[in-house]
Amino acid sequence: MFKFIQNYYSNKNAHPASLAFFRITFGGLMFFSTLRFWSKGWIETLYIKPSYHFKYFGFEWVDDFGSLTYLLFIMCLITSLFVMLGYKYRVSMISFFFIFTYIELIDKTTYLNHYYLTSCLAFILCFLPAGNYFSLDSYFSGQKADRIPIWMVDVLKLFICIVYFYAGIAKINSDWLLDAQPLSLWLKSKYDLPLIGQNLMQLKATHYLASWFGMLYDVLIPFFLLYTRTKYIAFVFVIVFHVLTRVFFPSIGMFPYIMISSAVIFFDSSIHLKLLSFIKTTLVKINSFFKFKIKPFRTKVKTKTIQPNRLIFISLGCFLIIQLLFPLRYLLYPGELFWNEQGYRFSWRVMLVEKRGDITFKVKDSVSETFFYVKNEDFLTPFQEKQMSFQPDFILEFARHLGAFYKAKGYEHIQIFANSFVALNGRPSQRFIDPRFNLLKARESFYNKNWILPLNDEIKGL
């Protein structure tokens, strides 16, 4: 298969302007989003203030550095700026990928699809020669690329198509299409929006229209972006869709901007050249206005053609295959995915569930039969407690943390039980965890969590 694809792409080249513009927008957005994260005080509230962090399975060793965690964000700012400028690009890009991903691994409470998207895009860019054109590296070296293998652009396109397509087919379910859930719950709460909040947002027809349009958009937009005759009108839809998403759901953060800027990669390189020319002209005008003593852009530079690299080709090919297969791992587990969430994360399932949980932990002495209840707020921040209340791996991890805590306090023969209720997508709340199961007997693993009680309903679809 790799041989066939490699033969297909042999001698097919593209202009490096496409990668250069993608690098600039990606680096710029990462710089701005890091500043935004810092300005809102989230470094303190999400990473430094909590006395306990929920860990991803296999990454329990990742931890914060206390107040020194700010240094990680400073390094994120610096490396993202260097990526945007194309300065020491390869080192800067790899450094940004590891630093950003490390920050996200500190506490899975902060998991968002667009954080995972950022890590994936950064990983791809680590392999691509995006710093060989319109960059400080080219400026200082006097060399720039004139052609690159076209698959280096296509790998970004294919990855973005995967993200959209899986987000779309995940919406082909009875909750989303037949009940307009959870959009119905969310849109009703937008009563404070000017003009439309108290009328249009309250109509059931609006909820169904938004649900069906969202599904069709995600499923079809990759094909329209890939097709030459429709890519530009498709880009208009990308802008409209993500701007509306940002208006209705401000908490979604940078995701709409990342998706809009990423969609520019589907344009022809001639468009990217014009955009880079505009940036260049703007920089020259700024330099002239402020009279900075900066040398003008070189007019004569040596050009080179980037040659195909088999190892990079295979590595990125394997990455795309993983992205195609990994979202399907939920098929290995019984039960309702939206309920037990086994295989839910890292699968591009965006805005599909609205869950509310209420959970109390009982610590019991198995010998004396005495017991007491835990105040979750004594251990967790409000945000952590909310996320923990309806996610089974969080519940298990916290139960084991309580077990270790009370054993260290001198308690013996303890058992941990959970009295847990969860409401999913507007359904009545129902018991979530088997109250008779001692959670200290369970270990986090990839095996089915059979102590999760089944959902008393059926959600049909993919």
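Arginine 356 has alanine 423 in strand β6 as its bridge partner, and these positions belong to a pairing in which β4 (residues 355–365) and β6 (residues 414–424) run in the antiparallel sense over eleven bridges; strands here are DSSP runs of E with at least two residues, helices are runs of H or I with at least four, both numbered from the N terminus, and two strands pair if DSSP finds at least two bridges between them. This is a predicted model, in which local features need pLDDT of at least 70 and side-chain atom pairs count only at pLDDT 80 or more, while totals for chains, interfaces and linings use all residues. Residues are numbered from 1 along each chain as its sequence is written, and side-chain values use heavy atoms, with hydrogens and water left out.

Strand β4 also pairs with β5 (residues 371–373), again in the antiparallel sense, over three bridges, and there lysine 364 stands opposite phenylalanine 371. Five residues lie between the strands of this hairpin, where glutamate 369 takes a positive phi near 70 degrees.

Turning to the helices, the 23 residues of α2 (residues 17–39) should span 33 Å at 1.5 Å a residue, and the end C-alpha atoms are 33 Å apart, which agrees; the expected span is 1.5 Å times one less than the number of residues. Because 17 of its 23 residues are buried, α2 is largely enclosed by the rest of the structure, buried meaning under 20% relative accessible area (1.4 Å probe, protein chains only). Glycine 41, which follows α2, has a positive phi near 75 degrees.

Phenylalanine 159 touches, among others, Leu117, Phe319 and Trp348, not counting residues up to four places away in sequence, contact meaning heavy atoms within 4.5 Å.

Definitions and conventions:
Buried < 20%, exposed > 50% of the residue type's maximum accessible area, 1.4 Å probe, protein only.
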